[in-house]
Amino acid sequence: MSQERILIIEDEARIAQFVERGLIYEGYRVTVARDGQTGLNAARDNPPDLVILDWMLPGLDGLEVCKRLRAAGNVPIMMLTAKDDIKDRVIGLDAGADDYLVKPFSIDELMARVRSLLRRVTPQSRPEVLRFADLTLDTGTHRAHRGERAIDLTAKEYELLELFMRNPRQVMTRDVIFDRVWGYDFGGESNIIEVYVRYLRQKTEQGDEPRLIHTVRGVGYVLREE
Ligand code: CA
């Protein structure tokens, strides 16, 4: 039985209760906060393994809470939103969210995404260091290095980079990336992969470091040397 701690920050009692019951049924330990500041305090006092964060909150809104959580650490953050709009998704991703769930959602969909996000905090049986060119990725600590330079990764950035590092010089199609990193299909119009590849490039290609993650137009991406 899982004992991961999940913090729900949601002001709508009906939704908070629906999510809380589902998570408790699956064996998670759950804390509910009804506004952003209370949620931030709860996360600081008792660090959760995952945060489920509503976008529309009284006082501090979900985006602001997301930014502050992200500034404090790398806890996986899933945002709940009624805004099913790609632009809003990107704003949330830029604020540091790892995933999205658009209301209304089913409890099964929520659980699938929670499991996917929590995979990174589940202890690995045998941590290893993956290497490609001057890039390394430690599957135990989830930290990357380019040469001597340490790189902090969020949950989804880590999973995406791990997929590339385990399949060097092989083209990863969008379908494969969706399936392996997100565990479900966002729909053809989603640009979430492009957004995350951009984040990874920003982190792994600083100064005159040569590009490692290359675009294969119309197909996907490949980790290779130039
Ligand atoms: Ca709300």
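Is Phe-105 buried or exposed? Hold that thought for a moment. What we have here is a predicted model.

The answer is buried: Phe-105 has 12% relative accessibility, and the cut-off for buried is under 20%. Its ring partner is Phe-18. Phe-18 comes out at 38% relative accessibility, so it counts as partly exposed.

Now the pair itself. The ring centres of Phe-18 and Phe-105 are 6.1 Å apart. Their planes sit at 45 degrees, so we call the pair tilted. Where are these two residues? Phe-18 is in helix α1, residues 13-25. Phe-105 is in the loop between β5 and α5. The pair therefore ties together parts that are 87 residues apart in sequence.

How many aromatic pairs does a search of the whole structure find? Two. The other one is Tyr-196 with Tyr-199. This pair is edge-to-face, with 5.3 Å centre to centre and 75 degrees between the planes. Both tyrosines lie in helix α8, residues 192-204. They are three residues apart, about one turn of the helix. Tyr-196 is buried, at 1% relative accessible area. Tyr-199 is buried too, at 9%.

Next, helix packing. Take α2, residues 36-45, and α3, residues 62-72. Their axes are 10 Å apart, at an angle of about 15 degrees. That makes α2 and α3 roughly parallel to each other. The crossing is right-handed.

Which residues meet? From α2, Gly-36, Gln-37, Leu-40 and Ala-43. From α3, Val-65, Arg-68 and Leu-69. By class, that contact has four nonpolar, two polar and one charged residues.

Technical notes. Residues are numbered from 1 along each chain as its sequence is written. This is a predicted model: local features need pLDDT of at least 70, side-chain atom pairs count only at pLDDT 80 or more; totals for chains, interfaces and linings use all residues. Side-chain values use heavy atoms; hydrogens and water are left out. Axes are lines fitted to C-alpha atoms, for helices over the stretch in contact, and angles run from 0 to 180 degrees between N-to-C directions. Helices (H or I, at least four residues) and strands (E, at least two) are DSSP runs, numbered from the N terminus. Angles under 35 degrees count as roughly parallel, over 145 as roughly antiparallel, 65 to 115 as roughly perpendicular and the rest as oblique. A crossing is left-handed if the near helix is turned anticlockwise from the far one by less than a right angle, and right-handed if clockwise. Contact means heavy atoms within 4.5 Å. Ala, Val, Leu, Ile, Met, Phe, Trp, Tyr, Cys and Pro count as nonpolar, Asp, Glu, Lys and Arg as charged, and the others, Gly among them, as polar. Rings of Phe, Tyr and Trp (its six-membered ring) pair if their centres lie within 6.5 Å; planes under 30 degrees apart count as stacked, over 60 as edge-to-face and the rest as tilted. Buried means under 20% relative accessible area, exposed over 50%, partly exposed in between (1.4 Å probe, protein chains only).
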